[in-house]
Amino acid sequence: MAAACGGLALPNLQKLGLGHLAVIAGVPPHPAPCGAFGRMREQAAGKDSISGHWEMAGSPWRAAVHLPARVSPALLESFAAVAGCLPLGNVAASGTAILDRYGAEHLKTGRPIVYTSVDSVLQIAAHEAVLPPDATLPGCAGKFGS
C-alpha cells in the first residue's frame, strides 16, 4: 500500500524501529533505532478491545469474555433521567447498523441512540443537527417522557 503512493516519510517512527517490523516503502530499517520494538502474536481467546488491552499489558485472558449485549436497566434509567427521554436502541450493534436501524426515528423524535459495540463499550449516537455537541442536556426534555 505504501508503495502505491511512492512510499511513506515517517522519520520519527523509522527512528523508533518501525522499519525493522515490516517492509514498508520509504521506511527502511534505521541503523541505530532509539526505541524498543517488536511483533506480537495474539494469545488471548477473546477478540475484543478489553482482551487486547490486557494482552498488550502482559496478562492475556485465556478464556473468551462474554460481555452483556445491552446497557443495564439501572444505567439506562440514569441516562434517561439526564437526557430527559428514553433513548432508542439499547442493543449490541455496529455504528453503521445502528444508524440504519434507528437513524430515521432519531431524526424524527430527537431521542439519542444508545447501543453497545461488539466489545460492550457504551456508545451514544446523535445527529449534530438534532443534538449539537455543545448542547446542554436534557436534549429532548419536554418532547418525550421517560
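Modeller: The answers below concern a predicted model, and they set values against cut-offs.

Biologist: Why is Leu75 called partly exposed?

Modeller: Leu75, which lies in helix 3 (residues 73–83), has a relative accessibility of 44%; because buried means under 20% and exposed means over 50%, Leu75 counts as partly exposed.

Biologist: What makes Leu75, Leu122 and Ile124 a nonpolar patch on the surface?

Modeller: A patch takes residues with over 30% relative accessible area and no salt bridge, and nonpolar side chains are joined within 5 Å; Leu75, Leu122 and Ile124 form such a patch, with about 270 Å² of accessible area together.

Biologist: How do you know that the buried residues of helix 3 are on the same side?

Modeller: The buried residues in helix 3 are Leu76, Phe79, Ala80 and Ala83. They cover an arc of only 100° around the axis, and therefore they sit on the same side of helix 3. Their cover includes strand 1 (88–92), strand 2 (113–116) and strand 3 (122–125), whereas the face turned away from the buried side carries the exposed residues Ala74, Glu77 and Ala81.

Biologist: Why is Glu105 called partly exposed, and what is it in contact with, leaving aside its neighbours within four places in sequence?

Modeller: Glu105, found in helix 4 (residues 95–109), has a relative accessible area of 35%, and since that label covers values between 20% and 50%, Glu105 is partly exposed. With those neighbours left aside, Glu105 is in contact with Leu88, Gly110 and Arg111; the C-alpha atoms of Glu105 and Leu88, 17 residues apart along the chain, are separated by 8.3 Å.

Conventions. Residues are numbered from 1 along each chain as its sequence is written. This is a predicted model: local features need pLDDT of at least 70, side-chain atom pairs count only at pLDDT 80 or more; totals for chains, interfaces and linings use all residues. Side-chain values use heavy atoms; hydrogens and water are left out. Patches are made of residues with over 30% relative accessible area and no salt bridge: like charges are joined within 9 Å, nonpolar side chains (Val, Leu, Ile, Met, Phe, Trp, Tyr) within 5 Å. Accessible areas come from the Shrake-Rupley method with a 1.4 Å probe; for residues, only the protein chains shown count as cover. A salt bridge is a side-chain nitrogen of Lys or Arg within 4 Å of a carboxyl oxygen of Asp or Glu. Helices (H or I, at least four residues) and strands (E, at least two) are DSSP runs, numbered from the N terminus. Buried means under 20% relative accessible area, exposed over 50%, partly exposed in between (1.4 Å probe, protein chains only). The arc is that of the directions from the helix axis to the C-beta atoms. Contact means heavy atoms within 4.5 Å.
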